[in-house]
Amino acid sequence: MTEDFSARAAAWLAEHAPREPVTDVAEARLFQRELHDAGFAGITWPAEYGGQGLTRADQRAFDALARDYPLPVKPFLIGLGMIGPTLLDLGTPEQKRRYLRPMARGEEIWCQLFSEPDAGSDVAGLTTRARRDGDGWILDGQKVWTSRAEYAEWGAALARTDPDVPKHRGITMFVVDMTAPGVQVRPLRDMTGAVRFNEVFFDGVRPAADAVVGTVGEGWDAAVRMLGHERITITDLRLPHGHPASHAALAALARARGVSGDPHVRRRLAEVYRAERLAELLAARLGEEARAGRPTGPRGSAGKLAAGRLARLSADAVADVAGHTGLAWEPGDAAAAGLAAALLDAPSTRIAGGTDEIQRQIIGDRVLGLPREPAADRDIPFSALRAKGSA
Ligand SMILES: Cc1cc2nc3c(=O)[nH]c(=O)nc-3n(C[C@H](O)[C@H](O)[C@H](O)COP(=O)(O)OP(=O)(O)OC[C@H]3O[C@@H](n4cnc5c(N)ncnc54)[C@H](O)[C@@H]3O)c2cc1C
């Protein structure tokens, strides 16, 4: 069965996959729809919810083949890699029927509305409020660093529904229509020059009663679950074939610049190769375990750290191999601009989805069983913390 699937996938990709990166989101949506119609999106999701109902081995086979092409997957990763799996875990049958198929087809793009100006690493300190209003809710507050909100149709938002219990309780996850009245999106430009995340303001937004994901007041559990899926997704963001900071591209560049014999450059390249292989093997293992129904839990933090390390080592190698073209380039020199973007983008991998420090803390606390960080605020009602100004 998998051999048939692999042969079909290989033939389809050879005929339809783009050879150059696609930057236009409308074009990416069209490609995602074709991918789904051909049977290669939502591969392991149940067919009744718009998936292909196939096996993990099929997913692995497709991933291995797809790596040779610059598929425009980024706009859909938050949906397909994080929110879709969370809805499969916790959503009602109606939510799964409503949201998963358009997500897999790229017709509806999703964003993750967790971080706030005063709640990043400590996301449980969030202050966005959702108050009951008849059958539904009223949402007020601000999110920040929201990737893809500039074009997303839907978001998964965390909001405080009960301030009178400790901060990890009293949080609820909502599906939010990003086009609803009261939602305002303001783009933020990062140091690569691109707009890839946003501030999002909620002013009297009205999610319906059936917008709650999981149980009211148990949004922290839903969030932890989604962050677990996020770590696997990020770990698996191996640099696609041809990416300027991949080992293969850097080795070719070193040859072209006549520095491939330099012992320092050779060591850099070896480090990138090793880090790529490590991230790849960890992603394969974590993904396999998750698809087999074994929660990744805190072990996902090791994968996230490996992805951050790879980004750092690749950026160091870009600086050494490319020299000044990795920092300054002539307008229109796309190859040099790509190298500079790879260099400037590297730190973000070690922040997005939880910083390296937070991943190490999770590993220390929950994998190695080291003494836990003191958390004096854990049992104090959130409203009392706010009153003391320490939330
Ligand atoms: C490219 C990118 C995309 C993102 N996309 C999204 C998104 O789509 N949705 C979303 O909700 N968020 C998103 N984020 C936000 C991201 O999750 C947060 O930036 C991250 O969790 C860190 O929070 P913060 O920026 O508030 O930093 P802070 O939490 O203020 O941390 C500042 C520094 O203090 C350290 N620190 C904090 N607490 C501790 C501690 N207890 N122990 C040791 N060190 C600590 C941190 O490691 C960091 O170095 C994105 C971020 C980036 C960079």
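Predicted model: local features only at pLDDT ≥ 70, side-chain atom pairs only at ≥ 80, totals over all residues.
Is L368 buried or exposed? Its relative accessibility is 57%, and because exposed means over 50%, L368 counts as exposed.

The surface also carries a patch of positive charge, formed by R274, R309, R312 and R360. Of these residues, let me take R274, which belongs to helix α8, residues 263-291. R274 has a relative accessibility of 54% and therefore counts as exposed.

How many salt bridges does a search of the whole structure find? The search finds 17. I shall present three of them.

The first topic here is R268 and D320. These two residues form a salt bridge in which the closest N and O atoms are 2.6 Å apart. R268 sits in helix α8 and D320 in helix α9, residues 300-322, so that the pair, 52 residues apart, links distant parts of the chain. R268 is buried, at a relative accessible area of 17%, whereas D320 is partly exposed, at 29%. The pair also belongs to a network: R267, R268, E271 and D320 are joined by salt bridges that share partners.

I turn now to K143 and E116. Their side chains meet in a salt bridge, with an N to O distance of 2.8 Å. Here again distant parts of the chain are linked: K143 lies in strand β3 (residues 136-143), while E116 lies in the loop between β1 and β2 (129-133), and the two are 27 residues apart. Both K143 and E116 are buried.

The loop between β1 and β2 also holds D122. The side chain of D122 meets that of K167 in a salt bridge of 3.0 Å, N to O. Why does this pair tie together parts that are 45 residues apart in sequence? The reason is that D122 lies in the loop between β1 and β2, and K167 in the loop between β4 and β5 (171-177). D122 is partly exposed, with a relative accessible area of 32%; K167, by contrast, is buried, with a relative accessible area of 3%.

Let us next consider strand β1 itself, which spans residues 110-113. W110 and Q112 point one way from this strand, and C111 and L113 point the other way. Are these residues buried or exposed? All are buried. Strand β1 pairs with strand β4, residues 154-160, in the parallel sense, over 4 bridges. Within this pairing, Q112 stands opposite A156 of β4.

Finally, I draw your attention to the backbone in the loop between β3 and β4. By way of background, most residues other than glycine have a negative phi. Which values does this loop show? For W145, phi is near 65°, a positive value in a residue other than glycine; W145 is placed in the loop between β3 and β4. R148 lies in the loop between β3 and β4 as well, and its phi is near 70°, again positive in a residue other than glycine. R148 counts as buried, because its relative accessibility is 15%.

How values were computed
Residues numbered from 1 in each chain as written. Heavy atoms only, no water. Patch = residues over 30% accessible without salt bridge, like charges linked within 9 Å, V, L, I, M, F, W, Y side chains within 5 Å. Areas by Shrake-Rupley, 256 points an atom, 1.4 Å probe, with all protein chains shown as cover. Salt bridge = Lys/Arg side-chain N within 4 Å of Asp/Glu carboxyl O. Lys, Arg positive; Asp, Glu negative; His and termini not counted. Charge placed at Lys NZ, Arg CZ, Asp CG, Glu CD. Buried < 20%, exposed > 50% of the residue type's maximum accessible area, 1.4 Å probe, protein only. Pairing = 2+ DSSP bridges.
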